[in-house]
Amino acid sequence: MDWILLGKVVVTLFALAGGIATVMRRADWLFCLFLVSTGFGGFFIYAGTIWQPYKVVGLWALSYIIFLDQSWIKRLKGPEALLWWASLFWLLITCGLGYLIEAPIEETSLELQGKALRPLVQWYAYASALCLVPLAVLGLACRHARRRLFEVYVVTGAVVCLGGYVQWLSFRMGFEFMPIVRLNGETQIGAFAVGQQVVQRVNSFAGEPKGLGLFLMPLFWIALLGRTAPARERRWWASYWFAAAVGLLIVLTYSTAALIAMVLSAFLMVVLLGSGMRRLLVPLGLLAALGAGFALLSPGAASDGEFLETLRARTVDRLDESLGERLETEALDYMTEEKPYLLPSGLGIGMYSYHLPGLRHAWGVEPIDSGWVTWLLDIGLIGTFLLAGFFAVVFTRSLRQMPGAERGERAHIACILAALLAAACMNAGTGAILQMMLWAGAALAYAPKKHIYASSARPRPSLDSLVQFRPPA
C-alpha cells in the first residue's frame with residue numbers, strides 16, 4: 001500500500017473537516033476534531049514542514065479564536081487567565097530570542113527547517129496548543145457539547161484500539177498494517193531486542209508506539225474512573241472490559257514513557273482519590289493479570305515466560321543503562337554547565353538543535369523525549385513555571401469548585417482531571433503539551449463560574465468526595 005498517498009488523503013480530509021467546522025462557527029466540532037486528530041499522527045504530508053492532522057486542525061482552531069470569535073477574551077478570567085496570557089506573551093519573547101541568541105552550530109543545506117524558519121514553526125506548535133483553552137471555553141459551554149466530547153473520544157479510541165489489535169495480528173500473520181512511515185517513503189516496524197529475541201511494538205494509527213500510549217493513557221483512566229459514578233449516572237464507556245482493552249494495548253506499545261507513566265499515574269490516582277480509587281484496586285489487579293497473559297501471546301514477546309523481564313528491560317533496566325547517555329541528560333548538562341545564564345529564558349523556541357550536536361538530519365530534527373526538558377530548553381525556567389503554574393491552578397480550582405457542579409457532571413470532571421494528570425505523567429517521557437492543554441481547557445469549561453469556597457476556613461473537598469457521591473433518595 002502507498003502509505004504516503006494514504007497520509008495525504010487523511011490529512012486532506014481533516015483539513016476539510018476543520019474548514020467546515022470553522023465556516024459553520026462550530027467551536028465544539030472543532031475542539032472534538034482536534035481531539036480526534038491526535039490519534040492519527042501516523043499520517044502526514046510535507047509542505048515546508050511535516051503536517052499531521054492535529055497541525056492542520058490546529059491552524060483552523062487558531063484562526064477561529066483570532067478572527068471569528070473573540071468572546072473568549074471576556075469569558076476567560078481568574079488566575080488561570082493571567083497565567084495563560086503570561087505564557088502566550090513569554091512564547092512571543094522566546095520566539096524572538098531564537099533569532100537573537102547566538103547558536104554555535106551552523107545550519108546545512110539539507111535541513112527541512114533552517115534557523116530562519118524553525119523558531120516560527122515551533123512557536124506555532126506551542127500557540128496551537130494554547131489556543132485549545134479558549135476553544136474549549138467557546139465550544140464546551142453547553143452540557144451536550146461536554147458530553148459529546150467523551151463520546152467522540154471514546155469512539156475514536158475504540159477505532160484506534162481496533163487498528164492496534166489488527167496490527168498485532170499482522171505481526172503474527174505476516175502482513176503489513178500501519179507501519180511507521182518516514183519522510184522518504186521508507187516504512188519501519190517498531191521493535192527492540194531483549195537478548196536473542198526481537199519484540200515488535202504496536203503503534204496503530206498514532207505513528208509511534210509512544211504516540212499511541214499518549215493518546216490512550218487518558219482514555220484508560222476515563223474508562224476506569226467512570227465506574228465510580230452511581231449506576232444511573234454511569235455512561236456506556238465506563239466499562240472494565242473497555243479499560244482492559246485500552247490498557248492491554250498500552251502495554252503492547254512497550255513504550256518506556258507509557259509504561260512508567262501508567263505506574264506513576266496509578267500512584268497519583270490512589271493518593272488523590274483515596275478510598276474511591278482503592279475500590280478499583282481489585283479490578284486493576286485483574287486487568288494487570290489479563291495484560292500479562294495476553295501479552296505473552298504477542299509474537300516475539302517472551303512467550304516462554306519472560307514477559308516481566310521484557311517489561312523490566314523497557315523500564316528500569318533501560319533507564320538505568322541509558323541515563324547518562326540520554327539526550328535529556330546531555331541537554332541538562334549543557335544548560336547547567338555551559339549556558340547557566342540562559343536557564344531563565346531558554347535557548348529560544350526550537351533552537352536547541354543548534355546547540356546540541358548530532359540532532360539535525362535530512363529527515364528532520366531528533367526530538368528530546370521529555371516534554372519538561374524540552375520546555376526548559378525552549379522557554380526556560382520562566383516559561384516552564386508559567387505553564388506548570390497554569391495547569392496547577394486549573395487542577396486545584398476545578399477540584400475546589402466541583403461541588404458546585406451538577407450531580408451528573410461530577411464524575412465527568414473527575415475523569416477530566418484524571419486525564420490531565422495522566423497526560424502530565426506522559427509529558428515526562430514524550431511531549432504532551434497538546435493533551436495537557438486539551439484536558440485543561442475541558443476542565444475550565446466544566447468548572448462552575450462562581451467560587452463555591454470563598455472562605456479559606458472552610459475545608460477543601462478532595463477528589464475522593466467528588467467521585468463517591470450518591471444520588472438523592
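Me: Why is S345 called buried?

Reply: Buried means under 20% relative accessible area, exposed over 50%, and partly exposed in between (1.4 Å probe, protein chains only). S345 has 15%, so it counts as buried. Across the 473 residues of the protein chain, 58% get that label.

Me: What does S345 touch?

Reply: Leaving out residues up to four places away in sequence, S345 touches W90, T94, L97, D378, I379 and G380. Contact here means heavy atoms within 4.5 Å. S345 and G380 are 35 residues apart in sequence, yet their C-alpha atoms are 4.3 Å apart in space. S345 itself belongs to the loop between α16 (327-338) and β7 (360-361). Those helix and strand names come from DSSP runs, numbered from the N terminus: helices are H or I with at least four residues, strands are E with at least two.

Me: And why does L13 count as exposed?

Reply: L13 has 52% relative accessibility, so it lands in the exposed class. L13 sits in helix α1 (residues 3-23).

Me: What makes a nonpolar core?

Reply: It's a set of buried Ala, Val, Leu, Ile, Met, Phe, Trp, Tyr and Cys residues joined through side-chain atoms within 4.5 Å. The largest one here has 126 residues, and those touching the most other members are L135, L216, M217, F390, F391, M437 and W439. Apart from that core lies another of 16 residues, including I101, L327, L347 and V373. In soluble globular proteins, nonpolar side chains tend to be buried together.

Me: How do you know how far to trust the model, and what is the mean pLDDT?

Reply: pLDDT is the predictor's confidence in each residue, from 0 to 100. The protein chain has a mean of 82, and 78% of its residues reach 70 or more. Over residues 299-305, though, the pLDDT is below 50, and that stretch has 20 contacts in the model beyond near neighbours in sequence. Residues 449-473 are also below 50, with 50 such contacts. Where pLDDT is low, the predicted coordinates should not be read in detail.

Technical notes
Residues are numbered from 1 along each chain as its sequence is written. This is a predicted model: local features need pLDDT of at least 70, side-chain atom pairs count only at pLDDT 80 or more; totals for chains, interfaces and linings use all residues. Side-chain values use heavy atoms; hydrogens and water are left out.
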